Amino acid sequence: MSEKFDAIVVGAGVAGLAAAYTMSKAGLKVIVIEKGQHPGSKNVMGGVLYSHMMAEIIPDFWKDAPLERPIIEQNLWIMGKESVVKTGYKDMEWSKAPYNNFTVFRGKFDQWFAKKCVEVGTLIVNETVVKECIMENNKVIGVRTDRPDGDILADVVVLADGVNSLLGKSLGFHKEWRKDQVALCVMEELKMPSDKIEERFNLDKGMGATIEIFGDTTLGMVGTAFIYTNKDHISIGCGALLSQMYEKRVEPYELLEYIKNHPMVKPLIAGSQPCEYYAHLIPEGGYKSIPKLVDDGVIVIGDAAQFVNGIHREGSNMGMTSGRFAAETIIRAKGTSDFTKSTLSNYEDLIKESYITKDLKKYKNASSTMENNGAYFNHYMPALNKSVSEMLTVDGESKSKKQKLIVKHMTKGRSMFTAALDIFKMLKEVK
Ligand SMILES: Cc1cc2nc3c(=O)[nH]c(=O)nc-3n(C[C@H](O)[C@H](O)[C@H](O)COP(=O)(O)OP(=O)(O)OC[C@H]3O[C@@H](n4cnc5c(N)ncnc54)[C@H](O)[C@@H]3O)c2cc1C
């Protein structure tokens, strides 16, 4: 292909499609290259998609996008071996436009998003792998694909190639990710009739709920599990830092089986039929792992830039926002026909001023604090369950005695000072 484009986007995930849509809508000539059979075929997500960020790209998208359920209830569970401490929030406002978030299947959603891109003029080429960036005088001027005559040229290449970002690595933007910079996640889609889902999760017709689970479900490793309701499927999954899975020799499917058989989870999914299984990495390095984001003729967005907030399970929103920022920067650069690093660094400024940098910076030590102190998952979460059990078991002991026992559970095997310090450190990282 000898044609030259204004922009080449590598990867048709939500980040790449957000960039492509925004640029094409502004009249730029854009091509998206995707290695999968179709957009979404390689993409994995629980998946909760955030309305606000999607509506900034396509207002009123919910009117025709393939969405599963608007989420009106979000729960947080701290699990013990045979117990759980639950908290949550339900809001009927979230059942109405403009909604808060939705569950989606990325296989369907990304195809719809790609169709929207085509409608505004994007060219999407599937089943094509970008092997490398083409350089001229230290500037990226295009990409080399695995197709015969597969070189494509453009003023700017947008790397939206996901968590591994082999292209970013080959440009020297980042090194091979360490095992503690990524989490390995596995999930399953379980088929269940919609009325059964509503009955089990106490939902009105068509409405959805999420459960994020910490504690026993990750066998003491730093990670989470989740249960999300779709129209007639339940998504269930879990993930933990790859470093810890490797160290503990835990196989991902073993972890998922453990969760599915946990007494707090089993009744929720009983009778459902497993129909899809996925495994994927999630960037977990956060603020400290953000790679180089721009250079002459190239911009990095989405998971390729490590834009994931694991504490709040946000990734798709950061992907879409960074894609939009990259597009706005390229549209501006087109005005002056200047695609050098200094002009494209406007993208870095937008990222720095946005919630992306602010949130990633806020939680920059959360993952390492939890990884370096196994007590958070191995001691404090089980102890919290024990403490609640203590207080709610009516056995003739006075409440003052129970309070003393709770302190004993929380400080078991450590001094009061260590326990207070551990709890203070954690609150400081996640507050
Ligand atoms: C199990 C799981 C659950 C998650 N749950 C949530 C959730 O509930 N909410 C949320 O907001 N986020 C969630 N995330 C994170 C979210 O999925 C990502 O942050 C988001 O998909 C990032 O989008 P992206 O476009 O940057 O990357 P991706 O969606 O990974 O897209 C990258 C694309 O690039 C293509 N590609 C890669 N290399 C090449 C190449 N060389 N040539 C051509 N194409 C290439 C891939 O095929 C892929 O289509 C979850 C992630 C996982 C794994």
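Predicted model: local features only at pLDDT ≥ 70, side-chain atom pairs only at ≥ 80, totals over all residues.
Residues are numbered from 1 along each chain as its sequence is written, and side-chain values use heavy atoms, without hydrogens and water. Local features need pLDDT of at least 70 and side-chain atom pairs pLDDT 80 or more, whereas totals for chains, interfaces and linings use all residues.

The chain is divided into domain 1 (4-66 + 104-175 + 286-364), domain 2 (182-283) and domain 3 (373-430), with bounds from an automatic or database domain assignment. The C-alpha centres of domain 2 and domain 3 are separated by 27 Å.

Helices (H or I, at least four residues) and strands (E, at least two) are DSSP runs, numbered from the N terminus. Helix 1 (residues 14-25) has twelve residues and reaches 16 Å between its end C-alpha atoms, close to the expected 16 Å; the expected span is 1.5 Å times one less than the number of residues. Eleven of the twelve residues of helix 1 are buried (under 20% relative accessible area; exposed is over 50%, partly exposed in between; 1.4 Å probe, protein chains only). Just after helix 1, Gly27 takes a positive phi of about 95°. In helix 10 (residues 341-353), the buried residues are Leu344, Ser345, Asn346, Tyr347 and Ile351. Their cover includes helix 9 (316-336), helix 11 (355-362) and strand 10 (151-159).

The structure holds 25 salt bridges, each a side-chain nitrogen of Lys or Arg within 4 Å of a carboxyl oxygen of Asp or Glu. One of them pairs Glu198 with Arg69, with the closest N and O atoms 2.9 Å apart. This pair links distant parts of the chain, 129 residues apart, with Glu198 in helix 5 (residues 194-200) and Arg69 in the loop between helix 2 (51-55) and strand 4 (71-79). Arg69 counts as buried because its relative accessibility is 1%; Glu198, at 11%, is also buried.

Lys260 and Glu188 form a salt bridge at 2.6 Å, N to O. Lys260 lies in helix 7 (residues 252-260) and Glu188 in strand 11 (residues 182-191), so the pair ties together parts 72 residues apart in sequence. Lys260 also forms a salt bridge with Glu257, at 3.7 Å between the closest N and O atoms. Glu257 is partly exposed, with a relative accessible area of 37%, whereas Lys260 is buried at 12%.

On the surface, Leu384, Val388 and Leu392 form a nonpolar patch with about 240 Å² of accessible area together. Patches are made of residues with over 30% relative accessible area and no salt bridge, joined within 9 Å for like charges and within 5 Å for nonpolar side chains (Val, Leu, Ile, Met, Phe, Trp, Tyr); areas come from the Shrake-Rupley method with a 1.4 Å probe, and for residues only the protein chains shown count as cover. Val388 lies in helix 13 (residues 375-392).

How values were computed: Contact = heavy atoms within 4.5 Å.
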